[in-house]
Each structure stands twice: as C-alpha cells, then as structure tokens.
Amino acid sequence: MIRFDQVSKRYEGGHEALSQLSFEVAAGEMAFVTGHSGAGKSTLLKLIALIERPSHGQIVVDGQALAKVGRGGIPKLRRRLGMVFQDHRLLMDRTVFANVELPLLIGGIAPAERSRRVRAALEKVGLLSYERQLPDSLSTGEQQRVGIARAIVARPAVLIADEPTGNLDPQLAVEIMGLFAEFQDIGTTVLVASHDLPLIKRMHKRVVVLDHGRLVADIPGEEVL
Ligand code: ADP
Ligand code: ADP
C-alpha cells in the first residue's frame, strides 16, 4: 500500500534528510513514524503526498509508482490520500460543512451525495451539530477533528498525518489517535508522524523510528510496551 525502496532525499543546498529508506506499510495497517526533530518524519510524508520528490529510490502508494505521476497527475493521486496537518489548515471564513465538503467539490461529486458524505464524516468525528459554525468558534481539538473529517470525507485508501496532536492536551491527543485507529478498523491504511512517545506507546501499533534520515528501528505493534 505504501512502499519505500532505497529512498533518499536531499533538499537543495541541504544535507540528506532521508537516506536509503526502505519500508512497507501493508493495506489496512496503521503505523507511526517517530524520531527526533529533524529526523525526516515530515519529509517522508511529503514524499508520499508528492509535495516533495525523492532524490533517489522508488515510492509506491496505493499501487501507483509515484515516479510515473507527472504534475498533471498529482490531484488525482491526492484524491486517494487523506492528509492531516498539525495546524489543520482550515479555511477560517468558511463553515465547518464547507471545509469538509472541499475535497468532494474538487472530486466532482454531486450536491446531494456531497451533503450525505459530509454529514457522515462529521458524525464520524462527533461534530455533526457544528456544521454551520465557523472554525473560529471551535476549540483546537474540535478544529483538528474537522481537519480529520475533511481528510477522510472522500474515503481515501491512505490517511497520512503529520504531528496531528502537536497542539493538543494529552487527553484530547488520545481521543484523536483513537479516531485514526477507527479509520484503520474500516480498512484505511494509516501513517502518523509523531514525536509523542508516551502517546505512541499507548496505541500498540507498529512504530518506525528514524534517526538523521535513517530507519533505525521497526517495532511491531504487539512488541510496543
Ligand atoms: P522532522 O519532521 O522529523 O522534524 P523534517 O523532515 O522536517 O524532519 O526535516 C528533515 C531534515 O531536512 C532537517 O534537517 C531539516 O532541516 C531538513 N529540511 C526539511 N525541509 C527542508 C527544506 N525545505 N529545505 C532544506 N532542508 C529542509
Ligand atoms: P457513508 O454514509 O458515506 O457510507 P459511513 O457511515 O459508512 O459513511 O462512514 C462514515 C464516514 O467514515 C464516511 O463518510 C467516510 O468519511 C469514512 N469512511 C467510511 N468508510 C471508509 C473507508 N473504507 N475508507 C475511508 N473512509 C471511510
């Protein structure tokens, strides 16, 4: 579902952010990517989303070799991917409903079906009653849940998240991680970058550890204590 084969990334003028990284996340699996600040977690997710391109190596996402996706193919690839960011990136002048609807508008889904799916996604994250509100009137945790609803509304095969609980207190962080696990339960492949080790340990999911751009450990969920 997600496969990295000897992937390296060197930013222009920079040192190597990822070095010969190889790993695979199976369809329907949930895994964490962790490591110190600067270890390469964000870079790894950006390569999956084609926000950045690797300097070397092969990446396959949902059966698609990314090297074969040109500029014009990026929107189509992104429709198969849900993305969640730490700073949620909501449109603050649009309602919660409109924010979640956005991927479906881009996907050309008919209005009645859009409404049905937006409400299903909002219900999933427990925010159905907030659909007419502006994001400003919501708490940080609620805003993050809107971001998650937006990421999953188009039913992507793969969900990636970059420090999705970075701004949240521990209790809310646990709830958000629980939501990701629920999406795994319905068949979504989930990859979450986080440096919050206590939280990761509670989840008992696979943990891929990066150190200076190299994979230094890959711990199966049942061995995460
Ligand atoms: P993490 O998410 O684990 O903190 P990043 O992937 O953001 O790590 O960064 C990995 C390395 O790549 C760091 O040394 C960082 O400074 C560098 N880096 C990240 N983005 C860029 C960029 N756009 N240009 C140059 N260097 C970058
Ligand atoms: P729907 O009414 O669209 O069938 P469900 O009640 O089955 O929705 O699911 C609620 C929400 O969970 C959906 O809107 C969708 O965002 C998400 N979802 C459900 N199934 C999947 C899936 N297989 N992959 C990704 N997301 C899904």
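Trainee: Which side chain has an N or O atom 2.7 Å from an oxygen atom of ligand 2?

Mentor: The side chain of R155 does: one of its N or O atoms is 2.7 Å from an oxygen atom of ligand 2. Before the rest, note that this is a predicted model, in which local features need pLDDT of at least 70, side-chain atom pairs count only at pLDDT 80 or more, and totals for chains, interfaces and linings use all residues. Residues are numbered from 1 along each chain as its sequence is written, chains are lettered from A and ligands numbered from 1 in the order in which they are written, and side-chain values use heavy atoms, with hydrogens and water left out.

I152 takes part through its backbone, with a polar atom 2.9 Å from a ligand 2 oxygen. On its own, ligand 2 exposes 520 Å², of which the protein buries 71%; these areas come from the Shrake-Rupley method with a 1.4 Å probe.

The shell around ligand 2, meaning residues with a heavy atom within 4 Å of the ligand, consists of R116, R117, A120, A121, K124, I152, V153, R155, P156, I186 and T188. Helix α4 (residues 111–124) supplies the largest share, five residues; a helix here is a DSSP run of H or I with at least four residues. By class there are six nonpolar, one polar and four charged residues, where Asp, Glu, Lys and Arg count as charged, Ala, Val, Leu, Ile, Met, Phe, Trp, Tyr, Cys and Pro as nonpolar, and the others, Gly among them, as polar.

Oxygen atoms of ligand 1 lie 2.7 Å from a polar backbone atom of G38, 2.8 Å from a polar backbone atom of S42, and 2.5 Å from a side-chain N or O atom of T43. The protein covers 63% of the 560 Å² of accessible area that ligand 1 has on its own.

Key:
A polar contact is a pair of N or O atoms within 3.5 Å; within protein, one must be able to donate a hydrogen and the other to accept it, and residues adjacent in sequence count only if both atoms are side-chain atoms. Helices (H or I, at least four residues) and strands (E, at least two) are DSSP runs, numbered from the N terminus.
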